[in-house]
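Work through the exercises below with the sequence and the model at hand. Each task is followed by its solution.

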Amino acid sequence: MLDWIKNNSELLMVVANFGTLLIWLFYAQLLFLGYRRERRPRILINKGVGAADLDAPCLICNMSKEPVFVQSILVELATNDGRYLTSATDTEEGEQDTTKTSIGRRTRQGPLESGVCLEVPSFRILLQKGADAAGVQLQDGLPVDPEVKLEKLTVTVVAIYGPEDDPFGAERVFGLDCEDRQRVRLRPETLDTERLNSRLDKRRLKDLVGRYN
């Protein structure tokens, strides 16, 4: 055995060096994946608790490692008659915060620090934005016309992350369940917020921001 090892020492050295290289490559891959995951922008869109469905706040939380700049908030209302997209970036007169700057009172656009949430006071506001775009008259969140059926409300956030030139997005779909036309219940259709970060997504987001800003 010792003679075999001695006679094949060079081969064993090559194998050992190759194995060491594979181990280093494995750990380098883990470090790279961890670094990329930390640097990847992430925004969560959630329904706040403690309030009735439509009156629950819509929370837009920056879970990225660095601040992001919220460029636009879009809402799309799907009904049995079609899908209608509009901007919800500007604030309503009744929800303006007098403690903010004049710009901050007029728009939800601006920087959002890591770990901080931007709050839209209620989903009722977002639903009304979509209904206005669709030409649907609402009363207590329900269509006045019984022939109109509300189906889904999609919230899309477009943001810029750090030195990146292209925007990225986050999107979440909420089902709209009308219980005997007495109230509207919001039902998130996914467990998590969808990240919009592919090249195709970025091209679509640029087009949407250009059309609705």
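**Exercise 1.** Which residues of α5 are buried?

Solution. The model is a predicted one. Buried means under 20% relative accessible area. By this criterion, D201, K202, L205, L208 and V209 are the buried residues of α5. They lie on the same side of α5, because the arc they cover around the axis is only 125 degrees. An α-helix has 3.6 residues a turn, so residues three or four places apart point the same way. The face turned away from the buried side of α5 carries the exposed residues R199, L200, R203, G210 and R211.

**Exercise 2.** State the strand order of the open sheet of three strands and find its edges.

Solution. The order is β1-β2-β6, and the pairing is antiparallel. β1 (43-47) and β6 (117-120) each have a single partner strand, so they stand at the edges, with one side of each left without a neighbour in the sheet. Neighbouring strands of this sheet are turned by 20 degrees against each other on average, direction ignored. β1 is joined to β2 (residues 58-62) by five bridges; in β2, N62 is the bridge partner of I43.

**Exercise 3.** How many residues lie between β3 and β4 in their hairpin?

Solution. Strand β3 spans residues 68-79 and strand β4 residues 82-87. Two residues lie between them in the hairpin. Their antiparallel pairing runs over six bridges, and L77 has Y84 as its bridge partner in β4.

Note on methods
Residues numbered from 1 in each chain as written. Predicted model: local features only at pLDDT ≥ 70, side-chain atom pairs only at ≥ 80, totals over all residues. Heavy atoms only, no water. Pairing = 2+ DSSP bridges. Helix = DSSP H or I, 4+ residues; strand = E, 2+ residues; numbered from the N terminus. Buried < 20%, exposed > 50% of the residue type's maximum accessible area, 1.4 Å probe, protein only. Arc of directions from axis to C-beta. Axes fitted to C-alpha atoms, helices over the stretch in contact; angles between N-to-C directions.
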